[in-house]
Amino acid sequence: MANKLQQAMDTIKADTQLKESTKRYLSENRRRKNNPWHRPAFRWAMAAACFILLAVAAGGGYFSWKEMTVSYVSIDVNPSLELALNREDKVVSVTAYNKEGERVIEGLSLKGKNYTEAIHAIVESEAMRPYLTDQAELVLTVAADSSRGNELKNGVESISGQKDYNTYSVSADISIASEAHGHHLSVGKYYAYLELSQYDDTVTVDDCRHMSMSEIHTRIEEHCQEGGHHTEEDQGHHSGHH
């Protein structure tokens, strides 16, 4: 009798455990069904959304990388202009540093062009023509790091050699770009100021801002002749068509 009673109690206990287990299973199943993460369609939708977000983020990073300025080419006569270039040597932006420069680039579509195309477009524009006289000097200044400097310089020198007027190509250290822009000067005009200031410590940035490249170089040559020094041009640091 005792054994039968114990078996009956065990059966009731087993039934209770089974019921509890079944209840837990049903409850968990309902929770899963109510949770959108456990729906295949929802999982696919979320996966697709994540992929799109990653693609957009990657695309935005690439766009930022592509638009980042890494070098400059300034174009100075009396008009003073500067091209900001990306890693592909294409124009990211164009800045005019005086009113003459503003008139030259007005109406020109330069962004996205290769720097040589942009230089040709500027130099050959109708607005630039009045400034390219026999007495004028067109100075193309490259400011780039060592990885881009030589190639840019070669391209600029090639352009210099093609022109029929006084054209010079100059290389400047990329580190002076922020100083030049802080004084609201192109790299080329600021580099010319630094050259002149070596011979005349009374000259100011503002003085050079209102001078043409020809006037600055004339002042440098006068000081060199007085002191018996050679200009960088005489030493072969400038190159181009004379």
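Ser214 sits in helix H9, residues 213-227. Helices here are DSSP runs of H or I with at least four residues, strands are E runs of at least two, and both are numbered from the N terminus. Ser214 is buried, at 17% relative accessible area; buried means under 20%, exposed over 50% and partly exposed in between, with a 1.4 Å probe and protein chains only. Beyond neighbours within four places in sequence, Ser214 contacts Gln135 and Glu137 (contact: heavy atoms within 4.5 Å).

This is a predicted model, in which local features need pLDDT of at least 70, side-chain atom pairs count only at pLDDT 80 or more, and totals for chains, interfaces and linings use all residues. Residues are numbered from 1 along each chain as its sequence is written, and side-chain values use heavy atoms, without hydrogens or water. The average pLDDT, the predictor's confidence in each residue from 0 to 100, is 80. At least 70 is reached by 66% of the residues. Residues 231-239 fall below 50, yet this stretch has 22 contacts in the model beyond near neighbours in sequence.

Now turn to helix H7. Its 13 residues, 187-199, reach 19 Å from first C-alpha to last. That is close to the 18 Å expected at 1.5 Å a residue, counted over one less than the number of residues. Buried residues of H7 include Gly188, Tyr191 and Glu195.

H7 also gives the most to the lining of the largest cavity, with four residues. Ten residues line this cavity. Val139, Val170, Gly188, Tyr191 and Met213 lie nearest its centre. Strand S4 (138-144), H7 and H9 each give two or more residues to the lining.

Technical notes: On a 1 Å grid over the protein atoms alone, a cavity is a set of points where a 1.4 Å probe fits but cannot get out, and a pocket is an open set with protein on both sides within 12 Å along at least five of seven lines; lining residues have an atom within 4 Å of a point.
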